[in-house]
Amino acid sequence: MSGAYEPDEPAGRLRALAWTWLEEVRADALTRLAGLPALAEAVGEPTEERLTELAVDYQRLFGFGVPPYESVFLDPSAMLMAPATARVQAFYRRVGWTPPDGVRVGAADHVGLELWLLADLLAAGRHGEAGDLVREHLAFWLPPLVLAVKRLAPDPVYATLADETLGAVLVLLEGVKAPVRLPLLPPPPRYEARGLPEPANGASHEGGLHEFVRTLLTPREAGLFITREDLGRLSRHVELPPVLADRRAMLMTLLRLAGQYDEVAHVLQGLGRLLDEAAQAYQAVGEQFPAWRPYAACWLERLERTAAKVAALGDSA
Amino acid sequence: MTSTTRAVPGAVSRAVPEGLTDYPPPDRWDHWAEYDPRAWPERKLRSYTLIPTVCFNCESGCGLLAYVDRETLEIQKFEGNPLHPGSRGRNCAKGPATHNQVYDPERILYPLKRVGKRGEGKWVRVTWDEVLDDLAARIRRAFEEGRHNEVMYHVGRPGHEGVMEWILFAWGVDSHNSHTNVCSSGARAGLAFWMGFDRPSPDHANARVILLVSSHLETGHYFNPHAQRIMEGKMKGAKLIVLDTRLSNTASLADEWLSPWPGTEAAILLSIANYLIQTGRYNREYVRTWVNWEEYLKHEHPEAPRTFETFEEKLRELYGRYTFEYAAQESGVDADTIRRVAEYVADCEGRLATHIWRSAAAGNLGGWQVARCLWFLNVLTGSIGVEGGTSANAWDKWVPRPHKLAPHPDRWNELTWPREYPLAFFEMSYLLPHFLKEGRGRLDVYFTRVYNPIWTNPDGMTWLEVLTDEEKVGLHVCLTPTWSETAWFADYVLPMGHAPERHDLVSYETHGGRWIAFRQPVRRVAMERMGRPVQFTYEANPGEVWEETEFWIELSWRIDPDGSLGIRQYFESPYRPGEKITVEEYFRWMFENTVPGLPEAAAQEGLTPMEYMRKYGAFEIRQGVEAPPYREVDPALLADATVDEETGIVYSRVEAPKPLHMTPHPAFPGDERGKPVGIKVGDRVLRGFDTPSRKLEFYSRTLVEWGWPEYAVPTYIKSHVAPEKVNRERGEFVLIPTFRLPTLIHTRSGNAKWLYEISHKNPLWIHPEDAARLGVRTNDLVRVTTEIGYFVVKCWVTEGIRPGVVACSHHMGRWRLHETGMERWSSALVDLRRTGEGQWQMRQKAGVGPFESDDPDSKRIWWTDVGVHQNLTFPVHPDPISGMHCWHQKVQVERAHPGDRYGDVFVDTDLAHQVYREWLKMTRPADTHSPDGTRRPYWLLRPFRPTPAAYKLPEEKS
């Protein structure tokens with residue numbers, strides 16, 4: 001189904017966006033991004049130095065910062081190759097699409113692959129299926145992905161990429177009016193130790209601190225993807241040292257240290273601000289793309305629930 | 001009622017119950033369907049192909065069974081492989097947690113190259129082709145210019161039997177480096193001086209007495225396979241005796257727990273030996289037959305009658321002073337307890353299973369003698385190579401020989417095998433940065449493989465200084481499945497697969513038996529089963545995660561594409577002459593040719609050997625204990641044999657057939673009589689032990705000849721932390737920093753959240769008496785000062801440690817940084833301040849007081865910080881004989897100073913270098929002590945042994 005598209009056609013633009021998500025900007029960027037002048041302008045002269053700079057930022061954003069996979073955002077496990085991935089693969093099978101050879105990603109639900117498929121469907125005139133892909137998949141998770149990327153203060157190329165992608169996808173979101181729900185996916189396996197009760201005088205809330213951390217770091221529940229950099233920023237804000245670890249360990253340690261040094265309230269305020277900013281961002285997207293508002297409601301509802309949990313923890317601390 | 005498919009000797013036993021089963025029956029592994037638990041209450045069938053692999057999360061090599069979804073290729077879960085002879089389907093928490101590691105969204109998915117300064121934290125993705133071309137060109141240039149020793153491969157966690165011998169021999173380098181001298185060299189040396197082999201293989205399940213100088217039920221080498229067999233032994237009535245200063249989980253299950261002052265274990269063991277000797281309750285016939293007592297008498301008592309009775313008399317004299325009372329006085333363990341243990345040992349009826357690995361042997365100056373004294377009990381009770389006793393590792397292990405192995409290298413690398421340590425029992429790896437600082441050499445290409453020396457080794461700041469110096473380390477290539485402190489200071493970070501993402505062959509001495517197991521990239525295998533083969537494993541793994549074996553094949557091919565360096569020939573396919581070997585062919589050839597019994601077992605099932613291993617993942621070569629020393633020598637070798645009348649050693653000029661395996665063995669070049677092949681025992685010629693005397697060497701001529709006559713026989717060496725060297729009145733303690741936490745994997749647990757959830761802190765164990773004296777309670781902060789710095793940690797007041805001793809697990813303490821994400825990496829040095837020449841401070845923000853809690857116990861239990869990195873504050877302590885880093889530290893423990901914060905670390909690397917120089921003075925170098933102008937006794941085991949010619953010291957020095 002894949003083919004060469006005119007760069008200034010929607011499918012061509014989507015293909016160029018897909019490439020830019022899938023790999024670093026190459027020396028042929030200006031040709032490849034011909035249909036996306038804003039992006040080409042952000043790249044500037046593709047000198048070796050500039051391309052290296054962009055490659056470093058690409059690794060920072062997508063290697064260390066935000067894994068751009070649907071399952072990370074939609075699956076209750078927030079892991080790769082989760083049931084959410086299987087759902088994407090099922091869609092690929094349904095439309096008879098196979099990811100292109102030679103593209104090696106962590107899992108099949110990489111945003112670049114979904115955009116690639118979208119380009120192929122549009123180019124083939126299969127607008128109905130393209131609409132399904134947007135409605136059932138991309139519309140759910142692209143905005144929180146974009147939000148997380150933009151919080152990482154990306155190079156203008158990647159900020160533009162995020163904006164352009166959001167626009168190119170959400171503009172296809174027509175006719176969605178009814179409330180939408182995040183796709184029903186099974187809960188993650190619970191092999192984890194449930195843990196002993198938390199200290200009665202401390203972080204006493206439903207499910208304990210472990211559950212609280214799990215919730216915050218699971219976009220499907222929290223309403224946003226919290227990056228390591230977010231956690232580092234929070235730590236610095238309260239003058240506590242972050243640790244070299246995965247997000248879970250970082251947040252756990254931050255909360256514990258905050259408890260030790262009487263900074264819980266400040267950490268929770270910081271988390272609250274993060275949630276507020278996310279809510280504002282979703283509302284802004286909803287204003288720009290009214291058809292996305294039912295999706296926004298999904299995420300806003302989650303943010304609200306998370307904010308309530310943060311507040312409850314603050315009350316009990 | 002069971003049915004069994006076992007028909008061929010050596011085949012994996014597959015007794016399958018006909019009713020309910022613990023595991024899917026193997027004949028249905030290809031197509032296994034079960035309801036998806038996550039879809040409940042909907043009954044949704046999912047179809048799997050079950051593919052065996054081998055866990056990579058410690059050294060045990062337990063079997064795993066991956067449930068790979070046939071539709072999505074998702075790995076649903078890992079369970080145990082019931083056909084794996086070592087683990088038998090039972091796994092610890094680390095096995096199933098592999099799932100976390102594979103699907104961790106934050107893992108390294110692509111090869112990365114640094115840009116900017118080393119350690120600055122700027123990385124770009126590169127292709128494997130770019131990596132291979134760059135490395136190959138650089139290594140080729142080094143070889144062409146004769147700089148072979150500047151290419152070094154340094155391994156942390158091995159777990160791939162034989163591969164690196166194949167690779168590095170082909171490259172013609174003596175460039176292997178390992179972590180062993182911070183791990184097990186002490187125990188290895190102690191055992192090897194006795195019997196040639198350097199690891200014990202106890203038959204716990206059939207023992208009457210199990211004596212552990214370790215904590216094997218919870219941690220330690222092969223702990224899971226051992227633990228299940230220790231419990232079997234106990235259920236059959238065995239007594240479990242544990243020497244461990246700490247009340248470990250193992251000690252808590254023991255019949256007798258002995259908590260000695262660290263370093264006095266040998267005194268206890270010798271008092272037990274003495275009891276056996278003085279009471280005559282030892283196996284006289286065994287000792288008479290298999291101990292080199294005649295050699296002892298000849299050299300130490302030349303005037304005395306050379307009779308066994310004289311030897312017995314000398315034994316009584318030698319060990320008479322090791323009374324229970326003396327041992328009690330030294331160790332602090334009650335004499336009656338030691339006596340009771342001695343009685344158990346005396347009653348063991350030749351079934352004494354012993355084990356020691358790190359623990360005391362790794363903690364103390366002279367710790368290698370603890371292992372030697374422990375083995376002495378096996379010798380005296382005749383519990384060697386018999387059911388319920390203890391064997392040598394090589395008797396229960398099998399490393400198949402590959403299709404083509406290059407000759408041993410004709411080079412010697414003094415960066416790893418310096419002259420000061422001619423008897424060291426592995427590379428002096430942790431001294432490498434000091435050697436580089438002293439200008440003893442440089443590294444052009446330095447591979448670290450699943451190795452994190454900055455964090456794991458003592459004196460990590462010295463490592464950091466060297467790794468950031470591009471004059472000393474030209475190119476640092478880090479092969480790793482996860483990020484680590486060391487990876488951050490690499491030039492390339494190359495993602496290598498976890499357990500289900502790679503091919504490896506493993507074989508370990510887990511019990512009385514012998515087996516091999518096959519680690520497999522399960523998605524690749526699943527794709528092949530479904531008719532979708534790939535060329536390279538990284539095409540099947542997530543992202544571009546690769547496996548080492550393929551990586552090395554490709555790199556070697558590119559180093560010598562035209563064969564002019566003589567390397568290429570070893571990487572040509574045995575099936576397609578002149579063409580590059582594939583990873584499948586590499587293993588296939590071994591399975592077809594050098595694993596006894598496997599081809600027959602496979603044929604029995606209509607499979608090729610490769611298909612058999614792909615399907616079952618393991619093959620049991622032998623069940624039960626077998627000891628080669630007691631076997632008759634092959635009569636063919638005796639056709640041209642000479643017997644040395646004095647020693648009984650039999651030499652043969654008949655060339656022995658090349659062994660099918662390459663399991664490390666001591667080597668004897670022989671003389672004009674040929675090579676030693678056995679020893680006369682009565683009128684028979686038996687193989688004997690792999691030692692110069694062909695006997696168990698109670699008396700080590702090797703130690704005498706190489707300048708250590710005082711340690712010629714098993715003895716008690718006073719540790720650097722002996723009681724009289726620690727002034728408790730001045731607040732001095734002994735710190736035990738060597739123990740593991742059962743569910744962690746050194747530095748590789750970070751992305752296994754289930755494991756992290758179970759274990760997450762390393763408080764300082766301190767006895768209530770000491771705590772009261774210092775005025776500290778559980779969770780209070782204390783400052784622990786070593787010779788080169790200090791760290792600040794919380795204490796845990798417990799009777800599980802003896803007074804005067806403190807303990808802190810080494811599995812904790814990842815670094816504390818100021819930033820996260822990209823910044824978190826690059827800001828490591830910001831938080832890690834250089835406060836003066838050689839002085840480093842890692843600290844938190846000042847001005848916050850220590851934690852106080854209304855419920856400190858529960859807070860302690862669920863404290864989820866990452867602990868304190870104590871190893872940074874340890875100087876190197878190289879034992880002058882074994883080369884082992886002696887981990888125990890004499891420290892000062894005091895209440896935290898004003899302004900101290902949890903996790904503070906201060907280190908002075910200049911002081912660290914001074915301590916290194918102090919310990920260096922204890923050595924007796926080959927230059928001045930070699931009896932024959934060589935660098936090292938040739939017979940002693942040495943990994944990647946060079947040719948005999950390379951052993952010669954340079955003329956001007958010898």
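Which strands of chain B does helix 14 (residues 368-380) lie across? Helix 14 of chain B lies across strand 12 and strand 15 of chain B and runs at about 170° to strand 15 of chain B. Angles run from 0 to 180 degrees between N-to-C directions, and axes are lines fitted to C-alpha atoms, for helices over the stretch in contact. Helices (H or I, at least four residues) and strands (E, at least two) are DSSP runs numbered from the N terminus.

The structure is a predicted model, in which local features need pLDDT of at least 70 and side-chain atom pairs count only at pLDDT 80 or more, while totals for chains, interfaces and linings use all residues. Residues are numbered from 1 along each chain as its sequence is written, and chains are lettered from A and ligands numbered from 1 in the order in which they are written.

In chain B, four strands form an open sheet with parallel pairing, in the order 14-13-12-15. Its edges are strand 14 (256-258) and strand 15 (352-356) of chain B, each of which pairs on one side only. From one strand to the next, the twist averages 10°. Two strands count as paired if DSSP finds at least two bridges between them. Strand 12 (residues 209-213) and strand 13 (residues 239-243) of chain B are joined in the parallel sense by four bridges; B:Ile210 has B:Leu240, in strand 13 of chain B, as its bridge partner.

Chain A is assigned domain 1 (10-170) and domain 2 (208-316), with bounds that come from an automatic or database domain assignment. The C-alpha centres of these two domains of chain A lie 25 Å apart. Contact involves 17 residues of domain 1 of chain A and 17 residues of domain 2 of chain A, where two residues are in contact if their C-beta atoms, placed from the backbone, lie within 7 Å. On the side of domain 1 of chain A that touches domain 2 of chain A, helix 5 and helix 8 (127-151) of chain A each supply at least two residues. Helix 8 of chain A gives the most to this side, with seven residues.

Backbone angles were also examined. Most residues other than glycine have a negative phi. A:Ala78, however, has a positive phi near 55°, and this residue is placed in the loop between helix 5 (70-74) and helix 6 (83-94) of chain A. A:Ala78 counts as buried because 26 C-beta neighbours lie inside 10 Å; a residue is buried if 20 or more other C-beta atoms lie within 10 Å of its own, exposed if 12 or fewer, and partly exposed in between.
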